[in-house]
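Thank you all for making the time this morning. I would like to walk through a few local features first and then step back to a whole chain, so please keep the model open as I speak.

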Amino acid sequence: MSPLLQVCDLTTHLFTVEGVVKAVEGLSFDLDADETLALVGESGCGKSMTALSLMGLVPDPPGRIVGGQVLLGDRDLLQLSEHEMQKIRGNEIAMVFQEPMTSLNPVFTVGDQIVESVLTHRQVSRRQARERAVELLDLVRIPDPRGRFDDYPHRLSGGMRQRVMIAMALACDPDVLIADEPTTALDVTIQAQVLDLLGELQGEFGMGVILITHDLGVVAGIADRVVVMYAGRKVEEAPVDDIFASPLHPYTQGLLGSMPRPGLEERLREIPGVIPSLIDMTPGCSFAPRCAKAMARCREEQPDHATIGDARVVACFAAEEEVAGRGLAVDT
Amino acid sequence: MALLSIRDLMAHFETPRGTVYAVDGVNLDIGSGETVGLVGESGCGKSTLGKAILRLIEPNFGSIVLDSVDITHLKRRQLARHRHKVQMIFQDPYASLNPRATVGRIIEEPLMVNGWGSDRERKERVAWLLEKVGLPTDSLKRHPHEYSGGQRQRIGIARAIALNPKIVICDEAVSALDVSIRAQIINLLTDLRDELGLSYLFISHDLSVVEHIADRVCVMYLGKIVEIAERERLWAMPLHPYTQILMAAVPVLDPKIARERKKIIPRDELPSPLNPPGGCRFHTRCPYAQPKCRDEEPPLRPLQGRQSVACHLVTEQADGSIAYPTMAAEAAPKNDVRGAPA
Amino acid sequence: MANPVTEFWRRYRRNGAAVVGLAILCVVVAMALSAPVFFPTNPLRLVGPAELWPLTDARFPLGTDSLGRDIAAQLAHGAGTTLIIGLVASLVATTIGVGIGAAAGYYGGLVDDVLMRFTEIFQTIPNLIFLLALVAVLGPKIEHVVIGIGLISWTSVARLVRAEFMTLREREFVLASRAMGMSDLRIIVTQILPNAIPPVIVLASLIVAGAVLFESALAFLGLSDPNIASWGGLIGEGRLLIRTSWYVCALPGLAILLTVLALNLIGDGLNDVLNPMLKNR
């Protein structure tokens with residue numbers, strides 16, 4: 001069975017006065033139906049720009065998608081016109097944003113905003129749309145959905161607003177849901193509630209979910225597969241258990257090492273240096289300047305994505321050598 | 001005698017929609033060289049408490065005794081003589097540095113304001129501070145916008161320790177930083193603590209960070225401390241239902257544990273601090289709430305050892321053991337999370 | 001980081017209209033500076049026949065007014081008057097406005113209430129009437145004109161500075177300054193003000209343009225200093241002859257139009273450079 005969504009070699013650049021920012025460079029991944037894929041990385045790694053690229057919402061200027069394909073079924077979304085994309089957005093691919101405070105329009109009631117997103121894509125009467133909206137509010141576990149329907153966003157807490165955002169995203173039963181840092185602005189107990197909800201809805205709807213986050217803890221709880229990004233590129237991809245049990249890329253290892261864990265007294269293992277600028281990229285691996293395992297080759301040559309076993313991908317010369325040393329098949 | 005001693009501290013704000021009881025009767029001691037973690041969710045008053053200690057927010061009631069001096073009601077001029085003992089590191093590495101000042105100036109400013117040393121001595125001190133926080137010496141003439149978030153936070157740290165404070169209040173000091181940078185700053189803070197003998201009040205919403213750095217931890221909920229205990233003890237046996245829920249909500253770094261652990265998802269949302277519920281403030285979300293919890297506010301009671309808790313349902317048994325409400329043994333993750341593989 | 005001056009110019013240059021505005025202003029400044037060289041005598045002296053059309057006599061390239069005074073000389077000398085009135089009035093307005101706005105924005109509460117009510121009183125008085133009344137009472141001297149214009153122009157500065165201060169005072173670097181024991185005055189002057197100044201500069205350049213217009217209006221009504229050559233004064237002189245010798249009004253009118261336009265374009269350009277929202281676009 002072919003995957004639900006196939007991203008091949010996606011490249012998005014921002015053309016700024018200071019120079020060309022290579023926000024996303026040759027990114028490829030597949031998303032199956034009924035799967036949660038986490039895109040993980042720190043600020044400036046290109047994860048949010050990836051989401052905007054998939055949605056066809058890259059701000060232009062300064063941004064432009066300069067190459068690659070995004071295949072949803074047999075259509076390449078990058079070849080569609082803006083009008084055709086509008087039919088896809090919210091209908092087949094929906095998105096939930098980070099800021100529940102600013103992503104809802106303050107002058108309309110939450111119910112009306114959900115009704116609006118139903119009516120955009122469905123030929124139904126206003127009354128049917130209203131019924132659907134109440135259903136959706138109930139679905140995202142908002143207590144007393146009929147009562148909340150007429151509330152304005154400012155009357156709701158951050159967690160409730162994020163539920164409304166999720167209800168709007170689910171209005172048209174999308175195949176793919178992109179959640180960009182959906183719980184970053186929320187308190188930890190509310191985060192637990194929202195993540196729990198996302199997990200359940202994913203099962204109920206059988207959607208493919210792309211979860212974009214900087215928080216590895218969130219990933220462990222909800223993702224099936226993980227793509228780790230650094231400086232616009234995918235550096236590692238693996239099933240979630242493998243990423244945490246045996247990370248291959250030195251960056252993934254560093255990220256895990258720098259997380260404080262209960263019961264461990266010692267100093268945190270820090271990754272030295274700073275996150276690189278995406279304008280003056282060095283010729284080799286962009287992680288090389290911060291990498292303890294960097295070799296001369298790493299500073300000259302960009303490592304390709306090597307497939308390891310049947311489900312893992314890593315872009316690192318040192319990791320390839322290590323894996324080959326362990327007698328595993330490496331396919332570059 | 002504790003270095004910092006807070007008694008019955010209250011800080012209320014009048015807003016158009018009513019009074020916000022941000023800090024509502026807090027008692028807290030911080031010893032010399034001790035790191036106290038202060039955790040809680042947004043609106044619990046942890047940041048207000050930090051600012052009230054520095055009298056950046058004037059408390060309405062209670063006392064703050066710093067190094068045996070009651071600074072609660074000191075006039076500005078007198079207060080200035082004690083300011084240097086307690087300093088603050090802020091959350092936002094972008095908003096906390098004056099964008100129009102040079103890095104050298106930002107770090108020297110507290111020395112100048114407090115009339116510290118001669119011009120040359122100050123310059124030497126700034127150079128020493130730069131080195132201490134791991135910034136290159138050519139930083140003096142640069143501006144904050146030339147630096148990344150982590151390096152900006154280093155500038156903020158240098159400014160905070162410039163006057164040789166005894167206590168530094170870290171208000172979400174690492175929350176805005178990326179994971180790999182956050183580890184650098186946490187390590188820097190622990191190094192400085194050990195080298196300079198600092199005490200920290202480490203305010204954070206992130207339990208894993210607090211667990212890493214603090215000796216003792218306070219849990220705040222809607223303006224009140226609900227539990228306070230030594231770090232190991234709190235993680236081994238969280239007594240207050242809110243502490244348990246908070247800990248259970250922290251994502252764990254192991255997918256297997258994350259899938260298996262039983263979720264205690266709290267009911268409801270955080271109530272507004274404008275209208276805190278009566279009785280125990282947590283009763284609206286507490287899975288174990290009894291009628292008593294609605295009517296009567298539980299005091300913060302010390303139990304055996306150095307653990308205090310404000311919950312009616314926690315009781316000391318005749319045999320010395322403690323009975324407390326809990327879902328089940330497997331509800332809270334135990335300390336068996338292994339480190340990342342090499 | 002490049003030298004701030006070159007960096008500033010690099011950004012400013014991107015706005016073509018602003019560069020044109022700056023060029024026009026440079027011409028006006030050059031006119032003002034060279035006036036004593038090319039027209040060393042008092043421009044208000046009677047030098048030739050009255051109502052001489054431009055380009056008819058080589059001695060008076062721009063003609064003469066109803067009393068036979070050289071229009072070119074008056075324009076050149078008037079340029080200096082106009083600029084100085086504009087700049088000084090703008091400086092007066094900015095000083096008052098920054099002082100009141102800073103105090104209101106930083107302290108808030110009662111101080112803010114009192115100062116803002118005071119500002120509103122000034123805002124509700126019709127500007128030109130207030131100015132006319134003031135100059136009529138104090139007498140038509142250039143100092144009074146300047147102070148008068150300053151007094152009617154500061155309210156917008158005060159409101160802007162107050163708004164800037166209200167947002168900036170909540171920023172953590174201000175808290176940090178308080179935490180280290182800095183005095184209020186020092187926080188206002190060394191910490192907040194440098195951050196609030198860029199939009200004020202933009203507004204100040206627009207106030208200069210407004211001041212030029214106010215002065216012209218006063219002079220037109222014959223209430224500006226009659227002993228000093230100014231563009232508005234010249235228009236005032238010429239208004240009776242507008243059917244026959246319209247150039248007497250048109251030439252200084254054109255000068256005022258171009259100068260005000262130039263100042264507005266410069267204001268726009270400064271806004272582009274100094275407004276951080278547009279940076280890096």
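Predicted model: local features only at pLDDT ≥ 70, side-chain atom pairs only at ≥ 80, totals over all residues.

Let me begin in the loop of chain A that runs between helix H4 (126–139) and helix H5 (145–148), because that is where Arg141(A) sits; helices here are DSSP runs of H or I with at least four residues, strands are DSSP runs of E with at least two, and both are numbered from the N terminus. Arg141(A) is not a glycine, yet its phi is positive, at about 60°. Most residues other than glycine have a negative phi.

Residues are numbered from 1 along each chain as its sequence is written, chains are lettered from A and ligands numbered from 1 in the order in which they are written, and side-chain values use heavy atoms, with hydrogens and water left out.

Asp8(B) is partly exposed, with a relative accessible area of 40%.

Strand E1, residues 4–15 of chain B, runs antiparallel to E4(B), and 5 bridges join the two; strands are said to pair if DSSP finds at least two bridges between them. Leu4(B), for instance, has Leu66(B) as its bridge partner in E4(B). Strand E4 itself, residues 61–66, is mostly covered, with 5 of its 6 residues buried. E4(B) also pairs with strand E5, residues 69–70, in the antiparallel sense over 2 bridges, and there Val65(B) stands opposite Asp70(B). The hairpin formed by E4(B) and E5(B) has 2 residues between the strands, and Asp67(B), in the turn, has a positive phi of about 55°.

What does a search for disulfides find over all chains? With a disulfide taken as a pair of cysteine sulfur atoms within 2.5 Å, the search of the whole structure finds 0. Cys285(A) is in no disulfide, and the nearest cysteine sulfur, that of Cys298(A), is 6.2 Å away. For Cys298(A), the closest cysteine sulfur is in Cys316(A), at 6.1 Å, which is too far for a bond. Cys285(A) is buried, with a relative accessible area of 12%, and Cys298(A) is buried as well, at 7%.

Finally, let me turn to chain C as a whole. Its secondary structure comes to 10 helices and 0 strands, and its C-alpha atoms fill a box of roughly 75 × 50 × 30 Å along the principal axes. Of the 281 residues in chain C, 47% are buried. Among contacts in chain C with a separation of 6 or more, 70% are between residues 24 or more positions apart, a contact meaning heavy atoms within 4.5 Å.

Conventions: Buried < 20%, exposed > 50% of the residue type's maximum accessible area, 1.4 Å probe, protein only.
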